[in-house]
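Welcome! Please take a look at the sequence and the model below, and keep both at hand while you work.

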Amino acid sequence: YLERLRLALRENPSDMETAIAFAQYAEQLQLYDVAAAAYGYCVDLFGYLYPSEVLPARIYLPWAISGYNSRKGQSKCLDIAKRIREQGGFDLRLEAIAGKAAVKLGDIELATRTFKAIEERAMQLLTLEGMKPSSDAPPTPGGSSQKVSLDQLAWFYCFALPIPDRALDWANKAYKADPNSPVTAAILSYALVMNKETESAKPLLSNYPPIQISEVTLALVQLAQGQTDLAIETLHSAIARDPGSFAAERAKEILGKQGQPYIPPVDPEAVLASMARVFGDALVPAFTAPEQAISARLDLRGDTFPYGSEFTGIVAIANNSSEPLVISDDGLFKGNIRIDAKISGDLDVNIPSL
């Protein structure tokens, strides 16, 4: 399926939905280096298609989290956060990724500054109007990069900068503001378990549809009850929902403490090897603007022709991109050729679409 998405992107390199689908599936397969590069392609394509628009969270958030989970792309997370800031935005989730990336890079001073800045900015933005739970709170990407919601701040203290008492304080506020939300209920349940209030968390787990955070919480409850095998099964289920999230990272840590290191259900290296046999090292193409991808010319033998005589010409199309040029009815290049004629001499006439 990943190979087919890659071929579809080759056929129409300007199809944003195909590009995002390719990046998302690579991320789902935990091919984070490929996913980060693919989201980078989406960024370049978005800039080409919508030059006056701000990069949306649906692209920059998974771009950042893929970089965070990649082998050597953590510094890119810092660049992405800086880019969004320079556009005048503030996204607590993105800033949290940048802070955690700094920790991974071993720059504790930078991480401390980043987390402190998050807290200060969040308090400024958390106005009376903004003190509402977002409909797409973490870990789901999306939403405005100008607001901070109560559940986002509770999530931050649960998974980005774990501080149990602050997590519980903000989780209670978020749940009080929207008690019908599975997100606020899940975050509150996790915060309760962080604070050793396991019994209080149980009703929140049973009364709402399960999401990733609630499954991580349920696994902790099961471990506390001695149900180790069931907890391991629950943790694997939680990770499968979104393997690259901070909640999944926490689930993997818990598995490791149980002597069950996490192993992806699909071997990423095997997928990479299979893809490399088809695409070589260029698993993610370099973005080329369509008008630069090809150049065309009409070659004639000579430039002077007696009136009424026949002459021949060759249409030469050069592929200037790093990818093979696919011509199809569903592709960016459908194979249509238009020749406009400009004749001068004894006859002086323009013939469009000859």
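Some exercises with worked solutions follow.

A word on the ground rules: this is a predicted model, in which local features need pLDDT of at least 70, side-chain atom pairs count only at pLDDT 80 or more, and totals for chains, interfaces and linings use all residues. Residues are numbered from 1 along each chain as its sequence is written, and side-chain values use heavy atoms, with hydrogens and water left out.

**Exercise 1. A covered helix**

Task: Find out how many residues of helix α8 (residues 150-160) are buried, and what covers them.

Solution: Start with the terms. Helices (H or I, at least four residues) and strands (E, at least two) are DSSP runs, numbered from the N terminus. Buried means under 20% relative accessible area, exposed means over 50%, and partly exposed lies in between (1.4 Å probe, protein chains only).

Next, count: 11 of the 11 residues of α8 are buried, so to speak a mostly covered helix. Among them are W155, F156, Y157 and F159.

Then look around α8: its cover includes α6 (92-104), α7 (108-125), α9 (164-177), α10 (182-194), α12 (212-224) and α14 (246-257). Contact here means heavy atoms within 4.5 Å.

**Exercise 2. Two helix pairs**

Solution: Axes are lines fitted to C-alpha atoms, for helices over the stretch in contact, and angles run from 0 to 180 degrees between N-to-C directions.

For α8 and α14, the angle is about 30° and the axes are 10 Å apart.

For α2 and helix α4 (residues 57-69), the axes come within 11 Å and cross at roughly 30°. M16, E17, I20 and E27 of α2 touch R58, I59, P62, I65 and S66 of α4. By class, that contact has five nonpolar, one polar and three charged residues.

**Exercise 3. Aromatic pairs**

Task: Classify the ring pair of Y1 and Y25, then that of Y48 and F287.

Solution: Rings of Phe, Tyr and Trp (its six-membered ring) pair if their centres lie within 6.5 Å; planes under 30 degrees apart count as stacked, over 60 as edge-to-face and the rest as tilted. The whole structure holds 11 aromatic pairs.

The rings of Y1 and Y25 have centres 4.8 Å apart and planes at 90°, so this pair is edge-to-face. Y1 is exposed at 63% relative accessible area, while Y25 is partly exposed at 22%.

Y48 and F287 form a tilted pair, 5.7 Å centre to centre with 55° between the planes. Y48 lies in helix α3 (residues 32-49) and F287 in the loop between α15 (268-279) and α16 (290-293), so the pair ties together parts that are 239 residues apart in sequence. Together with Y41, these two residues form one aromatic cluster.

Key. Ala, Val, Leu, Ile, Met, Phe, Trp, Tyr, Cys and Pro count as nonpolar, Asp, Glu, Lys and Arg as charged, and the others, Gly among them, as polar.
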